[in-house]
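Colleague: Could you put the model up and talk me through it? I have some quick questions.

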Amino acid sequence: MKIRKYRAATMREALAEAKRELGPDALIVSTREVRRGVLGSEVEVTAAIDDDGATAVGPVEAGTPAFAAQAYGPRGAAPAVAPRRGGLEEIDIERIMAPLRAELRSLRSIIRPLGEVPHELSALRAALPRAGGGAGAAPDVGDDALVAPSQRRVVVLVGPTGVGKTTTLAKLAARAALVERRRVALISLDDYRVGGADQIRTYADLIGVPVRLVDDPTRLRGALDACRDAERIFVDTAGRSPRDREAMWALERVLDGRDDVEVHLTVPAATAPEHLDAIARRHQGLGPVRLLWTKLDEALGLGELIRGPARLGLPVTWVTTGQRVPEDLEAVTAARLRGLAAGTEAVGEVAA
Ligand SMILES: Nc1nc2c(ncn2[C@@H]2O[C@H](COP(=O)(O)OP(=O)(O)OP(=O)(O)O)[C@@H](O)[C@H]2O)c(=O)[nH]1
Ligand SMILES: [Mg+2]
């Protein structure tokens with residue numbers, strides 16, 4: 001058994017050198033990175049060649065032209081004579097595995113750390129408006145058309161299924177009860193979906209606020225009256241299929257004319273403009289006065305963040321930026337919304 005060490009700048013070069021000198025039957029015993037100078041490093045491969053194997057292809061010294069000619073054939077192609085053993089021995093397995101391990105190590109060093117990806121996403125977002133991504137240029141509208149504070153006692157979240165209404169409601173209730181120290185009550189109209197009531201009950205228990213479950217929109221008025229001590233009431237509604245017009249009309253009739261109610265149309269930030277317009281038309285009867293953008297963290301282009309409110313005449317009070325309750329909720333300013341839409345400010349980092 002002959003053992004040799006080979007050093008090179010990369011694993012690939014060191015392995016090539018070992019193979020060139022010892023032939024394709026060389027066994028890679030170990031590989032390691034070694035320091036070179038103050039900052040540099042190189043790869044060291046320890047390779048071995050079985051003396052018996054060498055004898056089988058002729059009594060030539062590894063590394064000599066005669067050995068290479070026997071090992072690779074006259075033109076350095078396939079081996080002229082390969083020492084064969086029956087079945088796979090440990091030594092064969094190691095011969096297969098060693099280069100694979102080396103490849104894996106060099107691949108790992110090529111793959112960039114995942115931490116860099118969010119920065120690239122921000123850069124992409126910034127480039128999108130310039131590249132004409134999304135639906136047209138950012139509108140030239142005043143701050144009041146983009147953002148407005150919440151002004152009424154009762155906040156009702158409406159919107160399509162699965163957009164984040166219940167999660168957002170829990171975030172809002174937690175902020176109002178635990179941070180602003182207000183008397184808060186929750187009302188849920190979500191008797192429709194299996195587990196809908198459990199979800200809101202769990203949040204209410206965690207936050208420590210009362211919750212009323214209303215099985216029919218016509219009973220909402222009574223439930224609101226029963227919460228007369230609450231300073232803030234947050235009402236969750238079930239996302240309904242567009243075909244479920246009956247339930248929508250019933251809710252429309254209850255909300256109609258109430259001046260203590262503020263309806264927030266809740267929509268994911270990744271919603272396409274034409275889809276957003278269709279959702280707004282479908283919920284028009286409920287009288288939304290705000291647009292509530294959810295899931296900013298999942299949207300690639302955020303240009304619609306300011307184009308949507310401008311087009312629909314619905315300013316924004318809150319946006320949500322993730323699944324954590326209550327952390328991933330932000331009360332935005334117009335400057336912040338513009339910064340997010342332009343990609344100059346990152347989702348999840350509140351501007352100083
Ligand atoms: N990434 C991300 N996920 C969110 C956000 N807000 C909510 N979600 C997730 O979206 C999913 C649906 O949220 P829900 O709050 O149940 O949605 P909903 O609108 O109440 O759904 P329905 O009651 O079925 O109409 C859950 O997995 C939430 O964790 C957000 O801002 N970002
Ligand atoms: Mg829900």
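**Ligand, helix pair and sheet**

Modeller: Keep in mind that this is a predicted model; where would you like to start?

Colleague: With ligand 1: which residues come nearest to it?

Modeller: Gly164, Lys165, Thr166, Thr167 and Gly239 come nearest, out of the 21 residues around ligand 1.

Colleague: And what gives the most to that shell?

Modeller: Helix α7 does, with 3 residues, and the shell as a whole, taken by class, has 12 polar, 7 charged and 2 nonpolar residues.

Colleague: Staying with α7, at what angle does it cross α8?

Modeller: The axes of α7, which covers residues 165-179, and α8, which covers residues 196-207, cross at roughly 15° and come within 10 Å. Angles under 35 degrees count as roughly parallel, and therefore α7 and α8 are roughly parallel to each other, with α7 passing α8 in a right-handed crossing.

Colleague: Which residues meet there?

Modeller: From α7 there are Thr166, Ala170, Ala173, Ala174, Ala177 and Leu178, and they meet Gln199, Ile200, Tyr203 and Ile207 of α8. By class, that contact has 8 nonpolar and 2 polar residues, and no charged ones.

Colleague: Switching to the sheet, what is the strand order?

Modeller: The sheet is open, with 8 strands in the order β6-β5-β7-β4-β8-β9-β10-β11 and mixed pairing. The edge strands, each pairing on one side only, are β6 (211-213) and β11 (329-331), and the twist from one strand to the next averages 20°.

Colleague: How many bridges join β9 to β10?

Modeller: There are 2 bridges between β9, residues 290-294, and β10, residues 316-320, and these two strands run parallel; Trp293 stands opposite Val319 in β10.

Note on methods:
Residues are numbered from 1 along each chain as its sequence is written. Chains are lettered from A and ligands numbered from 1 in the order in which they are written. This is a predicted model: local features need pLDDT of at least 70, side-chain atom pairs count only at pLDDT 80 or more; totals for chains, interfaces and linings use all residues. Axes are lines fitted to C-alpha atoms, for helices over the stretch in contact, and angles run from 0 to 180 degrees between N-to-C directions. Helices (H or I, at least four residues) and strands (E, at least two) are DSSP runs, numbered from the N terminus. Angles under 35 degrees count as roughly parallel, over 145 as roughly antiparallel, 65 to 115 as roughly perpendicular and the rest as oblique. A crossing is left-handed if the near helix is turned anticlockwise from the far one by less than a right angle, and right-handed if clockwise. Two residues are in contact if their C-beta atoms, placed from the backbone, lie within 7 Å. Ala, Val, Leu, Ile, Met, Phe, Trp, Tyr, Cys and Pro count as nonpolar, Asp, Glu, Lys and Arg as charged, and the others, Gly among them, as polar. A residue is near a molecule or strand if its C-beta atom, placed from the backbone, lies within 6 Å of it. Two strands pair if DSSP finds at least two bridges between them.
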